[in-house]
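Open the structure in your viewer and keep the selection tool at hand. This tour goes one stop at a time.

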Amino acid sequence: MATNSVDLFQGTLDVLILKAVSWAPVHGYSIARWLEQTTDDVLRVEEGSLYPALHRLEARGLLASEWGLSENNRRAKFYELTPKGRRQLRVEASTWARFADAVSRVLGATAQPA
Amino acid sequence: MQPLAWRRYLRFWRPDVEDDVDEELRFHVDMREREYTAAGRTEREARAEAVRRFGNVEAVRDACYEIGHQQERHMRFTEFMYGLRNDIVFALRQLARNRGFTIAAVLTLALGIGANGLVFGLVNALLLHPLPGVAAPDRVVAVNNTYVSYPSYRDFARSNAALSGLAAFSDRNTAVSDGKRTEMASAAVVTGNYFAVLGVAPSHGRVLVPRDDDPGAPPVAVVSAAFARHFFPDGAEVIGRVLDLNGMPVTIVGIAENDFHGMQLDSPEELWVPARAWMALAPTSFNGLNLDGRGWSWLGMIGRLAPGATIQQATAAFHTSAVHQDASYPDNYQSLAKRMTGDNVVSAGQAAISGIAHGTVVRATAIVFVVVAIVLLIACANVSNLLLARAMSRRREIGIRMAVGAGRRRLVRQLLTESGVLALAASIFGLLATQAGMRALSHVTLPEGFSVATVEVHIDWRVMMYTIVLALVASVIFGVAPALQSTRHDMAGALKDGSPGAGRRRLTLRRTLLIAQVALSLVLLVGAGLFARSLQRALATDPGFDGAHVAVASVNAGLIRSDSARTGQIYDAVVRRLSAMPNVRFAAWGTTLPLDRGSDSEGFQLDGYTPPADDHTGVETNDVTPKYLQAFSIPLMRGRLFNDHDGPSAQHVAIINETAARRFLPGKDPLGRRIMFGSADTAIIVGVVRDIKYHELREDPRPVVYRALGQHLTTSGLTPVDLVVMSTGAPSAALGEIRQALHEVAPEVPVYDVSTFADRTGHTVLAQRLGVFVLGLFSLLALAITAVGIYGVVGYGVTQRTQEIGIRVALGARVGAILSLVLIENFASILLGLVIGIAVSVALARLISSFLFGISAVDTIAFGVASTVLLLVGTVAALIPALRATRVNPVIALRGD
């Protein structure tokens, strides 16, 4: 395992998933691949944990699912954002951005505390 | 994990959660594996790596299953609630639109449901929690049918580890006086821990505590709320008042919690006094007895189970102590151990109702339950009929909904929801009816002297639940058939026009309902008839005496520690005073009244009579003053009556009845023979009188000995005795004179139950009276509902066939022909209902046979009258709409619709 990988904060996985499905319907495996590629494997997700998260988001009405055919013609379950999910993504993304901004400003601070 | 092949097919009904999860996860792992193989790893390596990256497959799968199942449940529930909400809104709209129908249905049902709620409320109070005021009554045990002495009670209390406390009590009829008036009340002599063991709290002041029962403690009492209300109606402060109990002053220190009335339903306790104080002040009739002697077994015991202990453990501990006591005090105990068994050591609730002739109450309750169930069924049949009629007018609506694809299931559900809404509305009104009934019931006294007023009958959550559940059950009973009927597939034909085809079958169902209604109504009418006939027979029974002009009053001189000489003077003076009144023919005293409940039986020896071996039955005795037998017009057959010379110092004399003479001295002359009661009392038989009904109207003649009260003043004279006054006019007119005479001669003697003889002994026909009342009331209700039902069915048939009738009228049919056209089928139904009803009645009459008097359970007159009444009412109900048919105007009928 790469030594520079980071464990995910609780709840962070949800927002990553919402983002992953925000373009088009995708199945779980391609979400895993997308996360891996986009973060250059920095954010290591134990892939199994993806699925309870997906199902929970679906139960909360943030995702909708449908069975379809995968690239190699196998039955696969595809997820997409519901309007409610899209709103949620927007909220979470901006929260995250403010959080990240705040943290990096602190870490990049030059003046010591008074 | 390979899923079972057949489970795939379940998909057609609903997605299979577990299958989907399995497939989704498998897809993921497969894809990874393929990726690694493509990168050049061996298949085994690829698989292992894919699984490793995935993590704990089992845990993930289980988590997904759980989420899926939850989701599914949630969806199903949401879907159901949504549908239900829609159905209810729709039902409300439908019901609001047909206001007449809704009101009729709701009221009919409300009466049926209310009657059932009332009966359940009674049973609830009687059987389910008969001990109001007692904390956690299921942890209280009573020792039934067993009385012990105070020291024995102490032994039991000391040695029972399964109990957290054991108390003892004894109910005593007591003269209670506030100085101005004296009344009888049921006082409980209790140990100091009585209230603590039962967990009864005071509503005012305090309850009794153990130190009240210490030697030398000031005499105090706690009264029941009912007694406080009754004895101090002015609402003045009760705490601190001093009452004379049998002449001894005690101070009231508290009022028990509202409903607490002791441990027996049939004899509610009204006040409570500590045992030691009671004994210290006890009247002379307790001579020779004292609290600490083991010779006097007079206390009942109740205990509270210790936490975790069972009634079996308590019984075992009682038994062990009893065995020990039997061994230690062989003089006093023979069989205490035999009594401490599971039969006698019972839950307090069970003990509380054991006193009220348990069997009788249960049987009476069962009868009333059947009666109200029948009323509800009749009401259901009526509402069914109404629904069917309405379904007819909704044919188009339902037809259209089916045509546009509403499933039959869905429509039936919708229609049943309407029934349910109807029933729930009815249950609200039913509860109001129950409430009203309960208020009315509190004025009724049941047989066995048990008054409903002593039980706390009210609407609690159990009654509410029962009513609502019953309403829902009823809604299924009356709703299912019409719902299925009106959604039959051939209903589609209804879209075309009001063709009568579908109507026919519906009429058959209506006819069935009509037959059922008639049959059930007849059952109730027959029941009412049987009770009415019993009552008539009972009232016509010759009891052998005439009490029509008799007024009575009870006194108990023993309670005020009067001595026998003074008592005799009082009795004489009262008789003299009353006899002097112009409207009084005879005045006398006696220890027992005819048809009253008390009975004194004594062992005896009689010259010339040898009782069969091992027959120790005594003979009933009644100690009376000279004019007693005349006052009741009991004829003398031989010898003489008592007279004023039969005083204490004269030769003791006795009069026997015919049965005694016949049974004990067949063929011999009883006059002049000696009859002995114990060694000290030898009397000469001086007369023979006719038999009378001694305790109840249906008893067989029993041997009775009358003795001269003046010669038994030291014994019977100091027990409760009854004053008997035969007047020339109405006996009620003498009541005031009786009260006044008693008060003026002996104001200190407690007087109670001043009433006419008829009122005093009214309980003898109470069962029949109540039967007539209850069944009469409910059968009239049933009859009315059924009449409306018949009217509806016939009227509906007439409406359906207006065109046909119009044609017939136009073609010159006569009134008779039209009438028979619309009536004949309905009469057939009514007659069929009668026949079925008679059969059912014969089967059910056995249920009430023990309450009947002097008639058989298949009394032809009762059956005949009931059938006739029903037939008459049915005919009228059918004729009214039928006559309307004869007035059909052919022109209008043929043009319409």
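**Stop 1: chain B as a whole**

Select chain B. Its secondary structure comes to 26 helices and 24 strands. Remember that you are looking at a predicted model. Of the 897 residues in chain B, 42% are buried. Now think about contacts in chain B with a separation of 6 or more: 83% of them join residues 24 or more positions apart.

**Stop 2: the cores**

Select Val273(B) and Val725(B). These two have the most contacts inside the largest nonpolar core, which has 131 residues. Next, select residues 163-177 of chain B. This is strand 2, and its seven residues are the largest share of the core. Then colour domain 2 (150-331) and domain 3 (563-748) of chain B. Each of them gives the core at least three residues.

Zoom in on Val725(B). What does Val725(B) touch, leaving out residues up to four places away in sequence? The partners are Val550(B), Ala551(B), Leu578(B), Val584(B), Ala587(B), Ala734(B) and Ile738(B).

Now pick Ala105(B), Leu126(B), Ala391(B) and Leu525(B). They are among the residues of a second, separate core, which has 93 residues.

**Stop 3: a helix to follow end to end**

Select residues 57-97 of chain B, which form helix 3. Its 41 residues should span 60 Å at 1.5 Å a residue, and its end C-alpha atoms are 60 Å apart, so the two agree. Which residues of this helix are buried? They are Val60(B), Cys64(B), Ile67(B) and Gln94(B). Show what they pack against: helix 1 (17-38) and helix 14 (408-441) of chain B, together with helix 3 of chain A.

**Stop 4: where the chains meet**

**Stop 5**

Colour by pLDDT. Chain B has a mean of 83, and 90% of its residues reach 70 or more. Select residues 1-12 of chain B: the pLDDT there is below 50, and the stretch has seven contacts beyond near neighbours in sequence. Residues 497-502 of chain B are also below 50, with eight such contacts. For the complex, the predictor gives an ipTM of 0.86 and a pTM of 0.67.

How values were computed: Residues are numbered from 1 along each chain as its sequence is written. Chains are lettered from A and ligands numbered from 1 in the order in which they are written. This is a predicted model: local features need pLDDT of at least 70, side-chain atom pairs count only at pLDDT 80 or more; totals for chains, interfaces and linings use all residues. Helices (H or I, at least four residues) and strands (E, at least two) are DSSP runs, numbered from the N terminus. A residue is buried if 20 or more other C-beta atoms lie within 10 Å of its own, exposed if 12 or fewer, and partly exposed in between; C-beta atoms are placed from the backbone. Two residues are in contact if their C-beta atoms, placed from the backbone, lie within 7 Å. A nonpolar core is a set of buried Ala, Val, Leu, Ile, Met, Phe, Trp, Tyr and Cys residues joined through C-beta atoms within 7 Å. Domain bounds come from an automatic or database domain assignment. The expected span of a helix is 1.5 Å times one less than its number of residues. pLDDT is the predictor's confidence in each residue, from 0 to 100.
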